[in-house]
Every structure is written in C-alpha cells, then in structure tokens.
Amino acid sequence: MEILKFDDVNLTYQTPQGQTDALKNLSLSVEEGEFVALVGPSGCGKTTVLSLVSGLLFPTSGSVEVDGSKVTGPMSSVGYMLQKDNLFEWRTIFKNVMLGLEIQKKVSPETEKYAGDLLDKYGLGDFKKSFPPELSGGMRQRVALIRTLAFKPKLLLLDEPFSALDFQTRLSVCDDVYSIIKSEGKTALLVTHDISEAVSVADRIIMLSRRPACVKSIFEPKIDALTPFERRASPEFSHWFDAVWKEVSYDEKE
C-alpha cells in the first residue's frame, strides 16, 4: 500500500528576480513499511520534497498524497525529524517528548503512558526527569525521534538527522534510529547527502536530477545484513556505494 505519492508534481518559485523551476514532472511513491532515501546533487530540491509532504509548501501543479489523502497543510499522520534535535533546555526529557502532543492538544493519561513507554523501551526511561544538557548528542537524537513517534505518525520525514553528530556517534545513532523505526513498523523518507548512509539504511534509494528535479534513478540495495553498521561491513556495500556515487557525481558535472 502506498503511504506517499507524488503525481506529476511541478513547483515554480516566484521571486522579485524572476521565476525558478524547482521540480519538474516529479512522480514517486513510498510503500508502507519502506525506508526510502532521497539523494541527489546539492541544491536539487531534496528538502523541498519534504516541505511538500509536510504541507509547508504546495505544488504549482500535480498532487501530493499521504495515506490516500491530498496534502493541503500539516497532517498529524506525518512526523518531521530535523537536523538538530531542537530540544528545549529548560524542559525535562519527558516534557520535551510531550511537546508535540501539547501543541496538538492531545495530552491524556493514554498519550502520557505511551510516551513514557517509548522512553522506557529505548533505554531512556531513567532520564525522564533529566534535562537535555545532561544527555549525550546521540541520546538527544533518540529523544527527538521518540518525540516525533509519540503522536503516532504513519510517515516519518528525516532531514539529515545525523549531520550534526561526529562520525563515531553518527554510526551508532544511525543504528539506533533505524532499529527504532523498524521496531515500530514506521515508514520513513530520509534526505541525506551521505551516500554511505543512504546505502546502509535504505530499502530503496531515489536519486533526483539537477534542478528542476525529477527522478533520475532508483536503486534497491540488496545487502544481506541486519543493521546499518553491518551493512557497511558487507561485501556488497562498496558495489552499491559506487553505483550511486557515479550517478550523483556525473549529474553534478553535467
């Protein structure tokens, strides 16, 4: 079943300097339970795609649908995880996790229990009353993901969520986030500039062309490994990395 569908989407920006075509005849879909990575040359419009899914932008023509409904604004079925954790330093970890539910006016004994259970399940139960400065960067990103999961979205949008971390922490947190998403049975669309990251997590990799962006290539890495870290160590990893890298680098040089 399709959770996300772009049907012949065009997006044109109007500025005082003139017209900019961002997307052209973009069609793609994401199936329920998939982990899809979106890659492409710098400035091609990857984050613009996420903005359209989240209802922050609207196409000039064509349609974007989430779970069978046309996107006409922000939807509770879509969760957005940004590059930075954006935790409020003066709120406890539990209060940070509850923030989205507070904004949506969905705080109840049931939602509080669900949020607390998520923290317990993923190793943060002992930190419910702690504050963000007391946590490591990796733990903060896990809190940010749990905050997004707390209101039970069907689709997760991940906008380079590991880019602010050092390399070692990035590998560990990538494994954590992947494990949590798969364990909770969520569908995810990841935007990344890191090809190794895309190959290590994705069921499919959708490569966008230069602006105005359309789908240029689709890769389906077949790697017999359980975690992103294990996939990086597998013999097939370098083959898929090279295949995607050649396409991206060629497009950037055109």
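Visitor: Is Lys154 buried, exposed or partly exposed?
Guide: Buried means under 20% relative accessible area, exposed over 50%, and partly exposed in between (1.4 Å probe, protein chains only). Lys154 has 43% relative accessibility, so it counts as partly exposed.

Visitor: Before we go on, what kind of model is this?
Guide: Side-chain values use heavy atoms, with hydrogens and water left out, and residues are numbered from 1 along each chain as its sequence is written. Local features need pLDDT of at least 70, side-chain atom pairs count only at pLDDT 80 or more, and totals for chains, interfaces and linings use all residues, as this is a predicted model.

Visitor: Which residue forms a salt bridge with Lys154?
Guide: A salt bridge here is a side-chain nitrogen of Lys or Arg within 4 Å of a carboxyl oxygen of Asp or Glu. For Lys154, the closest N and O atoms of the pair are 2.7 Å apart, and the partner is Asp67.

Visitor: How many residues apart in sequence are the parts that this pair ties together?
Guide: Helices (H or I, at least four residues) and strands (E, at least two) are DSSP runs, numbered from the N terminus. Lys154 sits in the loop between helix H5 (137-149) and strand S7 (155-159), and Asp67 in the loop between S4 and S5, so the parts tied together are 87 residues apart.

Visitor: Which residues make up the network that includes Asp85?
Guide: Asp85 and Arg140 meet through their side chains in a salt bridge (2.9 Å, N to O). Asp85 is in the loop between strand S6 (78-81) and helix H2 (93-97), while Arg140 is in helix H5. Both Asp85 and Arg140 are buried. Salt bridges with shared partners make one network of Asp85, Glu89 and Arg140.

Visitor: Why is strand S9 largely enclosed by the rest of the structure?
Guide: Arg204, Ile206 and Leu208 point one way from S9, with Ile205 and Met207 pointing the other way. Strand S9 (residues 204-208) is largely enclosed because its buried residues number 5 of the 5.

Visitor: Which residue in S10 is the bridge partner of Leu208?
Guide: Two strands pair if DSSP finds at least two bridges between them. S9 and strand S10 (residues 215-219) run antiparallel, joined by 4 bridges, and they form a hairpin with 6 residues between them. In S10, Leu208 is partnered by Val215.
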